[in-house]
Amino acid sequence: MSLNERLSMLYRQIIMENSQKQTYRGLVDDFTHETTVYNPSCGDKLHLTIKLDDQKQIKKIAFEGQGCTISQASASLMCQLVQGKSEKDALKLSHLFSDLAMGKKHTKEEISQLEDAQVLTSIMEFPARIKCATLSWWGLDRALLGEDEEENND
Ligand code: ZN
């Protein structure tokens, strides 16, 4: 088995495991931000709920929904990565991820900020599945920015 084959098996395994993980599944009861996003080309659907505390830190994040393995794994990995981070850092990470999905080059150091979610970048080799991988990150962005009408309160 070549190194590349071994790597993609490892990625597949991490993606499979995360798609079945229950840790971030469900609803944050006292959420401050939410959104629902769809990927019609695959049928993926995610409902994201987020609770930001007074310091604008992500206290809790969870998702519900259905879809393919990649979209579910991506949502789980995204939640795992941003829980406990500030809103600002979370948005930075979602932009980094979208940039990578669009094929922009980044340094290894920047990419390493994605931690386990780095495995999702292996999906960028399969253009048909990129939307599955980016759906949850787009949702994160939209939940934090898109539907917040009080963003000028600071
Ligand atoms: Zn999908």
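The largest pocket is lined by 16 residues, and those nearest its centre are S8, Y11, S122, I123 and F126. A pocket here is an open set of points on a 1 Å grid over the protein atoms alone, with protein on both sides within 12 Å along at least five of seven lines, and a lining residue has an atom within 4 Å of a point. The elements giving two or more residues to that lining are α1 (3-20) and α2 (69-82). Seven residues, the largest share, come from α1. The volume is about 430 Å³, counted as the space filled by probe spheres set on grid points that are joined across faces, edges and corners.

On provenance: this is a predicted model, where local features need pLDDT of at least 70, side-chain atom pairs count only at pLDDT 80 or more, and totals for chains, interfaces and linings use all residues. Residues are numbered from 1 along each chain as its sequence is written, and side-chain values use heavy atoms, with hydrogens and water left out.

Next, the sheet. Three strands form an open antiparallel sheet in the order β1-β2-β3. Strands are DSSP runs of E, at least two residues, and helices are runs of H or I, at least four, numbered from the N terminus; two strands pair if DSSP finds at least two bridges between them. At the edges are β1 (33-39) and β3 (58-66), each pairing on one side only. From one strand to the next the twist averages 15°. Strand β2 (residues 44-52) is joined to β3 by eight bridges, and H47 has E64 in β3 as its bridge partner.

Helix α5 (residues 130-146) lies across β1, β2 and β3, at about 150° to β1. Axes are lines fitted to C-alpha atoms, for helices over the stretch in contact, and angles run from 0 to 180 degrees between N-to-C directions. Y38 lies in β1. Beyond its neighbours within four places in sequence, Y38 is in contact (heavy atoms within 4.5 Å) with D44, K45, L135 and W138.

D44 is buried, at 1% relative accessible area, whereas C42 is partly exposed, at 35%. Buried means under 20%, exposed over 50%, and partly exposed in between, with a 1.4 Å probe and protein chains only.

Notes
1 Å grid on protein atoms, 1.4 Å probe; cavity = no way out; pocket = protein on both sides within 12 Å on 5 of 7 lines; lining within 4 Å.
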